Amino acid sequence: MRTYHKLLNGEKILLGGHRGDRKNFPENTMPAFRAMQEMGADAIETDVRMTKDGHLVLIHDRDVQRTTNGQGFVDEMTLEEIRALDAGFWKDPAFAGEKIPTLEEFLEFVSTTNLFINWELKQYPMELGEEKAYGCIDKLVEMIDRYGLAERSIMNSFSDCNLEYVDTKWPHKFAIHGYIHYKKPKDTPSKPLESFLDWAAIWRKDEDHTAGFEEDYAFAKERDILTCILVPDTEEDYRKALDMGCRMFTSDDPSTAIEVLKALGER
């Protein structure tokens, strides 16, 4: 029996911020995360990586160049080097001096809220090796447990092997979220992906099906998997997704998404 929070069983339409409120703040920074609590969202989606000296930090890209004033790979830099970077100026000079958050810094904040956390496991076994990929997950779970946040945690990855590792080592402990019908899987698990998923992101979309394809929602429903999606934050796209069975939205503009959900009677 799964032990995660009952609201991760699809009882309510959930809204999470993709890397926090990245529309108005630098992505994956503490201001972007704090904004999610202030606006009354349900969840934060964030990205976990491990530094060269074994510390966990929250940043999407392996290369720090896009979202900081530095360059280089996170896994080849020390925490001291990572924390010396400016992670805010690229967005707006008003955010100059913002740092890449450590996992501890984020957990100190989120543990005082009711927010769910959608942890994207960004270190892939085929890219960095199993030791680094699974070692990152082990440290993350250790810290989640230290703060008592397992029931509010969703484990998410484009690496199906990462997700299988979580499901095998900690069966029934976390909600597990993967990407069914993703066209470029990072790896292949020993069991079918859908056999250990609780949530599936609807990935296939085109200009005529911006909220995804009905057959993908049906595929998930037949296997008792809940569905989520990232779509343009419009009433039309949200209604299409809701009508096909979507139970969670991840948004790049969460303040607008909340207003859309209110208009649709879902807040």
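**Note on cavities, pockets and helix packing**

1. The second largest cavity has a volume of about 40 Å³. Its lining consists of G16, A43, I44, E45, N118, I154, M248 and T250. Two elements give two or more residues each to this lining: strand 2 (43-50) and strand 9 (246-251). Strand 2 gives the most, with three residues. By class, the lining of the second largest cavity has four nonpolar residues, three polar and one charged. Bear in mind that the model is predicted.

2. How many cavities of 30 Å³ or more are there? The count comes to two. The largest cavity has a volume of about 70 Å³. Around the largest cavity sit E27, N28, T29, L58, I59, H60, D61, R66, T67, A87, W90 and I100. Five of the lining residues of the largest cavity are nonpolar, four are polar and three are charged.

3. Now the open spaces. The largest pocket has a volume of about 290 Å³. It is lined by 19 residues, and H18, F158, Y179, W203 and L230 are the closest to its centre. Strand 4 (116-121) and strand 8 (226-229) each supply at least two residues of this lining.

4. Helix 7 (214-222), strand 8 and helix 8 (235-244) are the elements that give two or more residues to it. Which element has the largest share of the lining of the second largest pocket? Helix 7 does, with four residues. In the lining of the second largest pocket, five residues are nonpolar, two are polar and five are charged.

5. Next, helix packing. Two packed helices are described by the angle between their axes and the distance between the axes. For helix 1 (residues 30-39) and helix 3 (residues 103-110), the angle is about 15 degrees and the axes are 11 Å apart. Helix 1 is therefore roughly parallel to helix 3, as angles under 35 degrees count as roughly parallel. The crossing of helix 1 and helix 3 is right-handed.

6. Which residues of helix 1 and helix 3 meet? From helix 1 come M30, F33, R34 and Q37. From helix 3 come E105, F106 and F109. The contact of helix 1 with helix 3 has four nonpolar residues, one polar and two charged.

7. The other pair to check is helix 5 (residues 130-146) with helix 6 (residues 160-169). Their axes come within 11 Å and cross at roughly 50 degrees. Helix 5 and helix 6 are therefore oblique to each other. Helix 5 passes helix 6 in a right-handed crossing. On the helix 5 side, the contact is made by A133, Y134, I137 and D138. On the helix 6 side, C161, N162, Y165, V166 and K169 take part. By class, the contact of helix 5 with helix 6 has six nonpolar residues, one polar and two charged.

Technical notes: Residues numbered from 1 in each chain as written. Predicted model: local features only at pLDDT ≥ 70, side-chain atom pairs only at ≥ 80, totals over all residues. Heavy atoms only, no water. 1 Å grid on protein atoms, 1.4 Å probe; cavity = no way out; pocket = protein on both sides within 12 Å on 5 of 7 lines; lining within 4 Å. Points joined across faces, edges and corners; volume = space filled by probe spheres on them. Nonpolar A, V, L, I, M, F, W, Y, C, P; charged D, E, K, R; others polar. Axes fitted to C-alpha atoms, helices over the stretch in contact; angles between N-to-C directions. Parallel < 35°, antiparallel > 145°, perpendicular 65-115°, else oblique. Left-handed = near helix turned anticlockwise from the far one by under 90°. Contact = heavy atoms within 4.5 Å.
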